[in-house]
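I set down here, in order, what I looked up in this structure. The entries are kept brief.

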Amino acid sequence: MTPFRGTPIYSTLQQEGRILENRNWNFYNGYNVAFVPKKISEAQLLNAHRALWEKSFSPWYACRRIVRGALTLRWGAFLMSMFMNGFYAYKRVRKNSPIDMSKRTDLNQLAEQLEMQRREVVQARDRAIRAAV
């Protein structure tokens with residue numbers, strides 16, 4: 001689950017104090033944890049997600065879904081299912097698993113620098129508006 005800003009789940013988690021404020025947009029990708037889970041730790045949730053991803057997109061399970069889709073889905077839905085399952089199974093075989101963004105300090109530092117620059121621009125704009133008034 002990714003609690004995007006402006007959604008009801010984001011508002012609920014924010015009211016409960018469970019949004020991880022130190023997480024930038026790099027964590028809002030569907031593969032990383034951006035909130036505090038209730039019954040397990042963030043690391044446990046991330047590890048469980050990774051294990052499920054690895055199992056779900058193994059070539060065996062992907063092929064099973066493709067074959068089942070060939071027998072039950074309409075043509076367009078089957079093509080989409082075949083493409084998506086094939087793509088993610090290929091990623092899995094190539095060991096191109098989702099990235100743990102907490103280990104990507106280069107991107108996190110860049111995001112922090114950009115956020116500081118954005119704040120400086122906003123402050124400069126506000127000062128200019130106040131001076132003009």
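**Entry 1: Arg-23**

I located Arg-23 in the loop between α1 (8–15) and α2 (42–56); helices are DSSP runs of H or I of at least four residues, strands are runs of E of at least two, and both are numbered from the N terminus. I note that this is a predicted model, in which local features need pLDDT of at least 70 and side-chain atom pairs count only at pLDDT 80 or more, while totals for chains, interfaces and linings use all residues. Residues are numbered from 1 along each chain as its sequence is written, and side-chain values use heavy atoms, with hydrogens and water left out.

Is Arg-23 buried or exposed? I found Arg-23 buried, because its relative accessible area is 16% (buried is under 20%, exposed over 50%, partly exposed in between, with a 1.4 Å probe and protein chains only). I then looked up its side-chain partner: the side chains of Arg-23 and Glu-42 are joined by a polar contact of 3.2 Å. A polar contact is a pair of N or O atoms within 3.5 Å; within protein, one must be able to donate a hydrogen and the other to accept it, and residues adjacent in sequence count only if both atoms are side-chain atoms. With neighbours within four places in sequence left aside, I listed Arg-5, Tyr-28, Val-33, Ala-34 and Glu-42 as in contact with Arg-23 (heavy atoms within 4.5 Å).

**Entry 2: the nonpolar core**

I looked up the largest nonpolar core and found eight residues: Tyr-10, Leu-13, Ile-19, Phe-27, Tyr-28, Ala-34, Phe-35 and Met-101. Such a core is a set of buried Ala, Val, Leu, Ile, Met, Phe, Trp, Tyr and Cys residues joined through side-chain atoms within 4.5 Å. For Phe-35, not counting residues up to four places away in sequence, I recorded contacts that include Leu-13, Ile-19, Glu-42 and Leu-45.

**Entry 3: α3 and α4**

I examined helix α3 (residues 59–72) against helix α4 (residues 75–93): they pack at an angle of about 175 degrees, with axes 9 Å apart. Axes are lines fitted to C-alpha atoms, for helices over the stretch in contact, and angles run from 0 to 180 degrees between N-to-C directions. On the α3 side, the contributing residues are Pro-59, Ala-62, Arg-65, Ile-66, Gly-69 and Ala-70, and on the α4 side Phe-78, Ser-81, Met-82, Asn-85, Gly-86, Ala-89 and Val-93. I classed this contact as eight nonpolar, four polar and one charged residues.

I also checked Phe-83, which is found in helix α4 and is exposed at 54% relative accessible area. Its C-alpha atom is separated by 9.0 Å from that of Ile-66, 17 residues apart along the chain.

I placed Glu-16 in the loop between α1 and α2, partly exposed with a relative accessible area of 40%. Its side chain makes a polar contact of 2.7 Å with the side chain of Arg-18.

Lys-95 is found in the loop between α4 and α5 (105–132), and I recorded Lys-95 as exposed at 71% relative accessible area. Phi of Lys-95 is near 60 degrees, a positive value in a residue other than glycine.

Terms used. Nonpolar A, V, L, I, M, F, W, Y, C, P; charged D, E, K, R; others polar.
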